[in-house]
Amino acid sequence: MKWNRKTALRCVMLMLGSAILSFGLFNVHSRSGVTEGGVLGTTLLLQHWFAISPGISEFVIDIICYTLGFKLLGAAFLLYSFIASSCFAAFYTLWETIGPVLPDFTDQPLAAAVLGGLFVGVGVGIVVRAGGASGGDDVLALIIHKYTHMAISKSYFITDAIVLLLSLSYIPLRRIAFSFITVMLSSFLIEQIQRLGGRKLGQSGEAKHPDTI
């Protein structure tokens with residue numbers, strides 16, 4: 001990776017997106033009980049039905065996804081994703097040390113779903129626009145987007161929705177409904193952030209990552 005002004009800007013965006021995403025997940029999602037789609041939702045599903053620890057299943061799933069990302073999206077994408085994932089872990093630890101700074105939305109699931117969707121959508125949107133991914137589910141959505149030319153918002157929604165529908169096997173419909181609100185809002189925001197200041201991913205050539213911002 002050649003270090004220049006564009007690379008520095010990219011790293012700043014990766015840090016900013018990771019900070020926003022981790023802040024929302026810690027202060028809203030982890031406290032409100034609004035479940036997730038993607039890799040996190042899959043680990044919870046496997047834990048419930050097969051007693052597989054999320055610590056093990058998430059590691060295995062992420063390794064598989066990042067391996068696919070390296071082969072299909074390139075080495076630069078993998079490097080930027082590693083930076084984003086490392087920043088996410090560091091910031092999440094920081095928020096844990098500081099403690100919650102937002103009200104507890106446990107009794108207001110709709111507010112939690114909307115606010116959580118805003119944090120996830122903006123955070124992931126910035127990370128993806130910078131050319132990386134914050135987790136295995138981002139990688140899958142980007143691969144689907146690149147090779148099917150499906151809108152990136154639909155790619156994210158599909159991967160999350162499948163997991164949420166499977167989660168109905170052990171989670172009440174009402175709770176899943178709020179998770180769908182989060183997924184729809186975050187998917188929409190990711191798409192809009194990708195469109196800011198230039199062409200959409202997959203339009204007139206290769207995706208924006210890792211060559212342009």
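## Surface and overall build

The accessible surface of the chain amounts to about 10,400 Å², and carbon and sulfur atoms contribute 70% of that area. The model is a predicted one, and in it 47% of the chain's 213 residues are buried.

The secondary structure consists of eight helices and zero strands, so that reading along the sequence gives the pattern α-α-α-α-α-α-α-α. Among the contacts in the chain with a separation of 6 or more, 76% are between residues 24 or more positions apart.

## Packing of α1 with α4

Two packed helices are described by the angle between their axes and the distance between the axes. Helix α1, which spans residues 5-32, packs with helix α4, residues 75-98, at an angle of about 40°, and their axes lie 8 Å apart. Because of that angle, α1 counts as oblique to α4, the limit for roughly parallel being under 35 degrees.

The crossing in which α1 passes α4 is right-handed. The residues of this contact comprise 16 nonpolar, four polar and two charged.

## Packing of α5 with α8

Helix α5, made up of residues 109-129, and helix α8, made up of residues 173-195, have axes that come within 7 Å and cross at roughly 30°. With an angle under 35 degrees counting as roughly parallel, α5 is therefore roughly parallel to α8.

Here too the handedness can be stated: α5 passes α8 in a right-handed crossing. In the contact of α5 with α8, the residues divide into 16 nonpolar, seven polar and three charged.

Technical notes
Residues numbered from 1 in each chain as written. Predicted model: local features only at pLDDT ≥ 70, side-chain atom pairs only at ≥ 80, totals over all residues. Heavy atoms only, no water. Axes fitted to C-alpha atoms, helices over the stretch in contact; angles between N-to-C directions. Helix = DSSP H or I, 4+ residues; strand = E, 2+ residues; numbered from the N terminus. Parallel < 35°, antiparallel > 145°, perpendicular 65-115°, else oblique. Left-handed = near helix turned anticlockwise from the far one by under 90°. Nonpolar A, V, L, I, M, F, W, Y, C, P; charged D, E, K, R; others polar. Buried < 20%, exposed > 50% of the residue type's maximum accessible area, 1.4 Å probe, protein only. Contact = heavy atoms within 4.5 Å. Areas by Shrake-Rupley, 256 points an atom, 1.4 Å probe, with all protein chains shown as cover.
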